[in-house]
Amino acid sequence: MSFHVSQVLPGIYHIKEEAVHFDLIVGTKKALLWDTGYGIHDLLPLLSSLTDKELIVCNSHGHIDHVGGNYAFDKVYAPLRTLPETLMMTSPEVRLVAIS
C-alpha cells in the first residue's frame, strides 16, 4: 500500500500512508499539507495529482509518523518546541533505519 486518499469536502483531502493519517487543505491561492507521514513512499506525485497550488508544509509535532516525509520539501514549518525532535527524526541516519 502506498497512499489512500479520501476527499472529505471539496479541497480537503485525508491521506493515509500505512497506519498514519495526515491532511491536505487546498485553498484558492495555496495549499496546506498538515504533516508528511512516515516518508516511506514518494508523496510529491500524489500531491501534484491533487493540487497545482503552492504548498505550505506544517508539522503538528516531531514524531516520525508526522515528519518522516519532510525530506521531500525545501521548507517545513514546525512548532518551535518540537524542533530538536523533528531534526533528529528527519536526519538521514534515522530515515535509513525507518525505511529499511
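I started at Thr 36, which sits in the loop between β4 and α1. Helices (H or I, at least four residues) and strands (E, at least two) are DSSP runs, numbered from the N terminus.

Housekeeping: this is a predicted model, where local features need pLDDT of at least 70, side-chain atom pairs count only at pLDDT 80 or more, and totals for chains, interfaces and linings use all residues. Residues are numbered from 1 along each chain as its sequence is written, and side-chain values use heavy atoms, with hydrogens and water left out.

Is Thr 36 buried or exposed? I found Thr 36 buried, with a relative accessible area of 2%; buried means under 20%, exposed over 50%, partly exposed in between (1.4 Å probe, protein chains only).

Next I checked polar contacts (N or O pairs within 3.5 Å; within protein, one must be able to donate a hydrogen and the other to accept it, and residues adjacent in sequence count only if both atoms are side-chain atoms). The Thr 36 side chain has a polar atom 3.1 Å from the backbone nitrogen of Gly 69, and a 2.8 Å polar contact links the side chains of Thr 36 and Asn 70.

Then I looked at Leu 43. Beyond neighbours within four places in sequence, Leu 43 is in contact (heavy atoms within 4.5 Å) with Phe 3, Phe 22, Leu 33, Thr 36 and Phe 73.
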